[in-house]
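Trainee: I would like a close look at one part of this structure, the place where the two chains meet. Please take me through it, then on to the surroundings.

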Amino acid sequence: MKEMLEKTVEYALKLGADYADIRVEKVATREITACKGIIEKAVSGVDSGAAMRVLVNGAWGYASTSSITLESLKESFERAVKMARVNSEKLPEHERIKLADVKNVEDTVRIKVRKSLNAMDISEKISFILEVDKVIRDHSPKIVSTDIRYGDMVGKKILLTSEGTFIVMDVSRAYISMTAIAKEGARIQSYRTRIGGKGGFEKIERGDPVSEAKRAASKAVEMLKAKPAPSGRFTVIADPLHIGVFAHEALGHACEADLVTSGQSIVAGKLGEQIGSEVVTIYDDSTVDFWGSEKYDDEGVPTRKRVLIENGILKEYITNRESAAKLGVEPNGGGRAMNYNYAPIVRMSNTYVAPGDYSFEELIEDIKYGIYVKDSRGGQVDPAMGTFQFNAQEAYLIEKGEITTPLLDVSLSGLTLETLKNIDAVGKDLKLSIGFCGKGGQYVPVGTGGPHVRIKEVVVGGMR
Amino acid sequence: MRVLDACKKAVKYAEQLGVDECEAFASYYKVTNIEIEKMHIKSAYTRSIGGIGVRVVKDRKVGFSYTNTVHMRNIKKAVEDALSIANTRKPDERWRNLPSPERYPVVRKLYDKGVKSLESDRLVEMALEMIDTAKDVNKKVASMSGSVVAGYSVKAIVNSQGIECIDRGTVIGGGLYVISRDGGDVGVGYDFDVKRTLREFDHIEPSKSASEISMKHLGKRKIEGGKMTIVLHPFAVADLLSNIFAPEIQGDRAYKKQTPYADRIGEKVASGKLTIIDDGTYSGGYASAKFDAEGVPTKRTVIISRGRLMNFIYNSYWANVVGKESTGNAVRKTALGNDYSVEPTVGISNLIVKPSKYSLDEMISDIKNGLYCITLLGSHTANPETGTFSVVAYVAFKIENGEIAYPVKQAMIAGKLPELLLKNVDVVGSEVRMVYNVITPHISFRNVTVSC
C-alpha cells in the first residue's frame, strides 16, 4: 500500500503540486436501534476510500474517491491539481497558503482493545441492546416508549504526505444512547443518557449501561412533574455535562484558529488578555484516554493538551498547519476530518473546565433564587459575535440554597466574553461526556466536561 | 458499474441465496464545492460518493448491509452480511412485504444538464461575484464565509417485487454569511439560494441581502423581555418546523406515541390559518423526486388543513403496520451522499406552508411591540417528543409602532411548538421561500415569551 501511495503523491508533484497528501480509510460500521423491545434497525457495512489534497501556488485543491487503485488515485490527484490551479489564478498574493513546518512522522498507532467490536457477534450486541431497553421499560408503567441507538466503527486510517510522513492509525469507537419516554395524562417527557469510548465493547460495559438505563427512566418519570421555567437573568449552577457544552460552544469554537485568522472569532487578537474571571481555566486535551482523543491529527501532526484559558487569561488557539503558519506558531494537532470525503479543518478534541476547590454545597448555599441546569442535548454558537445557546436536559429551581422544583426543557444564552467574566466559583469534581460536534458539514467525536460551576447573570429562555 | 446494474445483480444474487425478498438501493453523487473565507476563495473540492445498500428478508427477518465500492465481490459480501444479520434476528410479526411497482408521477425541474456540466471555473467566478456583491453594498464588511455547490446525483432501486427504477437529479446552491464591523461592534447576516436548475438559481441577490442584514445588525441595543408578538422569517420558521414539527408528523412516531399529535387525527391541532402539506412532487422542490427511498411513488399529503390534523406520513413498513397506504415518505437520512448506507425510515419530503395574502410590511405594520427574528441558534436542541424549544433569536430586530426599529443585543424565545401553532398564530405571510425542503412564508405569533 505504502509504495502505491508514494507513487501517487510523486505523480501529484510531477503535475505541479508543491505539496500533496493522501488519506486512505477503510472503516466498518454497525448501527442497531431498538424501541419497546423490538429491534428496528440492524445495519453493518464498510466504507473505504481515499482523499487527495494538493497545494499549487498557495491554493488548495481536493478530490476524493472510493476506488483505491493506482489509476483512480492518480486520476483523482489530476482533478485536485486542476481545482487548485483554477483557485490559484484568482487568489491575491497575501492570501496564498503556507503550511507550518512539522517534523516528519513514521508511526503505527494501535488502540488497546479488550473486547473487539469486529469479533463480537452482532447477536450478542442485539441481546445487550434489548436488555437495556427492558431495564428502561420495567422501571415504571409511566414509561411509554424507548429509543435505544447503538453504533460502532472499526477500521484503519493511513496518511502519507509528500514531505515524508506516513502514519497508520487504528479506528475503534463504540457508543450507545438510551432515551426513555414517560407519559402521564397529556404530559410527555423524555430523557437521554449516553455511554461510549475509544476502544472495544468494554468501553460501553465500563460505563455501567444498566444503571444509566435506569437513570434515563427515572429522570424521564421525575421530569413529568416539571414546571415551566422562569425567564430572565439568573445565577446558574451548571453541572459537569452542562458546563462542558459551555466550554465547547462558548469558548472552544472561538479558539479554532481558522475562525481566528479569518476575522470570525470574538477572541481574535486577545492572546495574553484577561478575558475571563481568575477562577476559569479551560483545556482542550487530545492526550487523555477519552472519546475525542487522537495521537495524531489528520495532517500527521502530534496532538497535545492545549491550554485555552488559564486563570482567565487567553493562552492559545487550536491550530492546523495552515492557521499555525498564519499565526506564526507551532501547529498543535487540531486538523481533523470526518472521513475520506472531507478535508481536515480545525476541530476540538476533549474540551473541559479545570476543577477548582468549591464543594457543591458551597456553590449553592448563597443562592437565594437561581437555576440548576444539568446535562445537555447540545448547543450552538456564532463565534464572530460570541452569542451562544445551550440546552439543559434537566433543570431545577434553586430557592434559598436548596434545590426545589424541576423545570421543563430550558436553554441558556449569553455572550462569551461577558459570561466568562461572570463565572465566580468552580467546583472540585470533574466529569467528561461523549458527543459529536458539527462544523462545515463534518461530524467528529468530541468530549466535553468540567466540574460544577456557578455563573452569574445568565439569560434563561423560559416560558413564563 | 452502473447503479441500476449493481442493484439488479445484488437482487439476483440474494435470490440465489434463497432469501424471500430483497431490495437494493444504489446512489452516486458528484459534488463540486467552492468555499469562500474572508474575502477570497478558500478551497475548491470535487467529491464522488456512491455505494449500494441491500435489504434482505428471510422468514420475516430483515437484515441490511452496504458497501461503497460497487465491485461484484463487495456487493456479494454486502448481500451475505445482510442475510447473516437477518438470521440473528427474531421474526418481525409486523413485516408484510416490500413495496410493489406503481406508476410514477411526472415531477418537473429536477434535473438540468446545465448544472451537471458546470465547470469549476464558472463556480469560482460565481463565488467571486458573490464576494464582490457583498463588498459593494456595504463598506463595513470585515469578513465572510460561504460556498457555491453544484451537485449531480443518480439513484436506482430494484426489489424482488418487481420495482426497477432509476432517476437523476441536480441541485445548485450558494450561501453567504457576512460579518460587518464598526469599531468593536459586530453585525452578522446570512442568506442563500438553492435550486434544482441553473435558470432559477440566483447567487447575487442573497449575497446582497446577507451583506445588508449584517450592516443593519450593527448598533444592537438591549431590550426588555416579556410577552410580545414575534415575526419569524422563513429561515426561522423552517428551522423550527424541520427540527420539531417534521418528526412529530411521522406515522412511526405517532404509532409509538412519541409525538404530541398521536391519536389526534381529525382534531383541530393548529390555528385555522395554517395549512401544511408534505409534497414530494413539488416542481423544482429541493427534496422532490419521482419515487421515494424505497421506490414508492412520491405524493402530495395534506398534514394540516386549516388547523385540522389530516394525515401522518409513512413509508411502506409503517403504512403496513397501521393498515394504510405509504405516503411515499421513505427517506434514507444521513450525511450528504451516504444514503446507500442506511435503511429507509420515515421523513418529510418538501414541507409546504400554504401562504396567505399579507406582505411582510403589512404583518409588521400592526405590531406595536414585537421582535422580527431572521435566524435562530439552537433549534436542533429542541425536544420533538414534547415540542418544547428555547432558542436564541440571534439576528433579530425590535419592532416598534409598526416599524422595524433597531437590532437587539440578546433575546431568547421559548415555547411549545404545538401550542404556539394552535393558540398563538397571528398572521401567515404571502411571500414563500424555499429553505431547502421547507417552503414557507413569514409567520407571526402573538404573546410569545422573550427573555433578555
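Mentor: What follows starts at the interface and then moves through strands, loops and charged pairs.

The model is predicted. Begin with the contact count. On one side, 84 residues of chain A take part, and they are in contact with 76 residues of chain B. About 6,700 Å² is buried between chain A and chain B, and carbon and sulfur atoms give 52% of that area. Three methionines stand out on the chain A side. Met83(A), Met385(A) and Met463(A) supply 9% of the area that chain A buries against chain B, more than any other three residues.

Now the polar side of the interface. Between chain A and chain B there are 43 residue pairs in polar contact, with both residues at pLDDT 80 or more. Strand β2 of chain A, residues 38-56, gives the most to the side of chain A that touches chain B, with 11 residues. By class, that side has 35 nonpolar, 32 polar and 17 charged residues. The salt bridges between chain A and chain B number 4. One joins the side chains of Glu418(A) and Lys409(B), at 3.7 Å from N to O.

Strand β3 of chain A (residues 59-65) runs parallel to strand β2 of chain B (residues 40-58), and 5 bridges join them. Look at Ala63(A): its bridge partner in β2(B) is Thr46(B). Follow chain B onward to Asp59(B), in the loop between β2 and β3 (61-67) of chain B. Most residues other than glycine have a negative phi. Asp59(B) has a positive phi, near 50°. Asp59(B) counts as partly exposed because its relative accessibility is 47%.

Return to chain A for a hairpin. Strands β16 (residues 379-382) and β17 (residues 387-392) of chain A pair in the antiparallel sense over 4 bridges. Within this pairing, Val381(A) has Phe388(A) in β17(A) as its bridge partner. There are 4 residues between β16(A) and β17(A) in the hairpin, and Gly386(A) in the turn has a positive phi of about 80°.

Ser265(A) is in the loop between α7 (257-261) and β9 (282-285) of chain A. Ser265(A) is buried, since its relative accessible area is 4%. Leaving aside neighbours within four places in sequence, Ser265(A) is in contact with Ala254(A), Leu259(A), Val260(A), Pro383(A) and Ala384(A).

Next, another positive phi. Lys400(A) lies in the loop between β18 (394-399) and β19 (402-407) of chain A. Its phi is near 45°, a positive value in a residue other than glycine. Lys400(A) counts as exposed, at 73% relative accessibility.

Now the sheet. In chain A, 6 strands form an open sheet with mixed pairing, in the order β11-β10-β9-β14-β23-β22. Its edge strands are β11 (313-314) and β22, each of which pairs on one side only. Further in, β14 (residues 350-353) and β23 (residues 442-450) of chain A pair in the parallel sense over 3 bridges. Thr351(A) has Thr448(A) in β23(A) as its bridge partner.

Gly435(A) is buried, with a relative accessible area of 15%. Not counting residues up to four places away in sequence, Gly435(A) touches Arg194(A), Trp291(A), Val444(A), Pro445(A) and Val446(A). Take Trp291(A): Gly435(A) is 144 residues apart from this tryptophan in sequence, yet their C-alpha atoms are 8.3 Å apart.

Arg306(A) forms a salt bridge with Asp284(A), with the closest N and O atoms 2.5 Å apart. Arg306(A) lies in strand β10 (residues 305-310) and Asp284(A) in strand β9 of chain A, so the pair ties together parts that are 22 residues apart in sequence. Both Arg306(A) and Asp284(A) are buried.

Compare Arg96(A) and Glu93(A), whose side chains meet in a salt bridge at 3.3 Å, N to O. Arg96(A) counts as partly exposed at 21% relative accessibility, while Glu93(A) counts as exposed at 62%.

Finish in chain B. The side chains of Asp81(B) and Lys77(B) meet in a salt bridge, at 2.9 Å from N to O. Asp81(B) and Lys77(B) are separated by about one helical turn because they are 4 residues apart in helix α2 (residues 72-88) of chain B. Salt bridges that share partners also join Glu23(B), Arg55(B), Glu294(B) and Arg332(B) into one network. Over all chains, the structure holds 61 salt bridges.

Note on methods. Residues numbered from 1 in each chain as written. Chains lettered and ligands numbered in written order. Predicted model: local features only at pLDDT ≥ 70, side-chain atom pairs only at ≥ 80, totals over all residues. Heavy atoms only, no water. Contact = heavy atoms within 4.5 Å. Buried area = accessible area lost by both parts, 1.4 Å probe. Polar contact = N/O pair within 3.5 Å; in protein donor to acceptor, adjacent residues only side chain to side chain. Helix = DSSP H or I, 4+ residues; strand = E, 2+ residues; numbered from the N terminus. Nonpolar A, V, L, I, M, F, W, Y, C, P; charged D, E, K, R; others polar. Pairing = 2+ DSSP bridges. Buried < 20%, exposed > 50% of the residue type's maximum accessible area, 1.4 Å probe, protein only.
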